[in-house]
Amino acid sequence: MKLISGSSNLPLATKIAQYLDIDMVDLEITKFSNGEKRVWIKDHIAGENICFIQSFDRPVDENIIETLLITDALERSGARHVNFIIPWMGYSLQDKVFRDGEPIAARVIANVISNSYVKRVSLLDLHNSSIPGFFSIPTHHILALKPFAKYVENNFDLSQAVIVSPDFGGLKRARTFAETLSLELENIDKHRDLHTGKVTPKGLSGEVEGKVCLIYDDVINTGGTVVETARFLKEKGAKEVHFLVTHGLFAGEGLEKMNDDSINSIVITNSVHHDNLPEKIKIVDVAPVLGESIRAWI
Ligand code: R5P
């Protein structure tokens, strides 16, 4: 097996290749003067099984087009099977029709990938566990729960800690995390205005007075949930508020919002690549967990 990486997250792909001790395919990605992407596989890969890594983060649409160009080039170059890992699946938050007249964008993307030269897809910590069913090819939903649990055990005093789900949508995921660590679980009743996107926490299931709150979530997008949740929990008497969130997108002013004094720390994974993150934001490496899922195919 060889590994090929799109341009979205070369550092993660390189770590996975090192973890598995496999070679990376020599791929050149440039642009024509009219802005179109130009993809060129320089290695001989005929008959090889290929593991392809690409996150659909910004520029999202460009990375999706690049993905399709790479899969076509893989097919034309004679690749045997292509196993595609999408550490962050852009469009996955649009998993239903929120307002009449909208598409189900996650299904659109799943259809496009299913119809490309990809044998199977692996996805990491999806917002909605039904999304794998949108694909018409085999899928594998990988969880970052173990590396996050290890981080918590190594960095927090568990006698004071409580796991918090920031909304009802994330309750099942947070419950599994709380059970893994044998910690109490609290849940916030979060409201989001569909037009403005403004997040308002409306209520809390129990007490967090004097507690170290560990909020477990799938994605930081605009950062609204993080800031409003942290302020809300501090108002309720929480001693510290820390976030454990798989995908750090930090759209718009998202990164600046993380400076809010109510937030003690934010732990994300390297599913999306960032240079020069502030000290407050820590990274948990998901290369081993993704590498192990790939090893299962070899
Ligand atoms: C919502 O249900 C998700 O689990 C996240 O909490 C949400 O997508 C985060 O978005 P934002 O950072 O824009 O508040």
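Tutor: Let us start with the open sheet of seven strands. Its order is S10-S9-S8-S11-S12-S13-S14, and the pairing is mixed. Keep in mind that this is a predicted model. At the edges are strand S10 (199-204) and strand S14 (281-284). Each of these two pairs on one side only. From one strand to the next, the twist averages 30°.

Now go inside the sheet. Strand S11 (residues 212-220) and strand S12 (residues 240-248) run parallel, joined by eight bridges. In general, strands of a sheet pair through backbone hydrogen bonds, either parallel or antiparallel. Pick out Asp217. Its bridge partner in S12 is Val245.

A helix belongs in this picture too. Helix H4 (residues 145-155) lies across S11, S12, strand S13 (265-269) and S14. Against S12, H4 runs at about 155°.

Which residues are closest to the ligand? They are Asp217, Asp218, Thr222, Gly223 and Thr225, out of 13 that surround it.

Next, look at polar atoms around the ligand. A polar backbone atom of Gly223 is 2.8 Å from an oxygen atom of the ligand. In Lys190, an N or O atom of the side chain is 3.2 Å from a ligand oxygen atom. For the side chain of Asp167, the corresponding distance from an N or O atom to a ligand oxygen atom is 3.3 Å. How much of the ligand does the protein bury? Taken alone, the ligand exposes 380 Å², and the protein buries 91% of that.

For contrast, turn to the open sheet of five strands. Its order is S1-S4-S5-S6-S7, and the pairing is parallel. Strand S1 (2-5) and strand S7 (139-142) each have a single partner strand, so one side of each is left without a neighbour in the sheet. On average, neighbouring strands here are turned by 20° against each other, direction ignored.

Inside this sheet, strand S4 (residues 50-53) pairs with strand S5 (residues 82-86) in the parallel sense, over four bridges. Cys51 stands opposite Asn83 in S5. A helix lies here as well. Helix H1 (residues 10-20) lies across S1 and S4, and runs at about 175° to S1.

Note on methods: Residues numbered from 1 in each chain as written. Predicted model: local features only at pLDDT ≥ 70, side-chain atom pairs only at ≥ 80, totals over all residues. Heavy atoms only, no water. Pairing = 2+ DSSP bridges. Axes fitted to C-alpha atoms, helices over the stretch in contact; angles between N-to-C directions. Contact = heavy atoms within 4.5 Å. Near = heavy atom within 4 Å. Polar contact = N/O pair within 3.5 Å; in protein donor to acceptor, adjacent residues only side chain to side chain. Areas by Shrake-Rupley, 256 points an atom, 1.4 Å probe, with all protein chains shown as cover.
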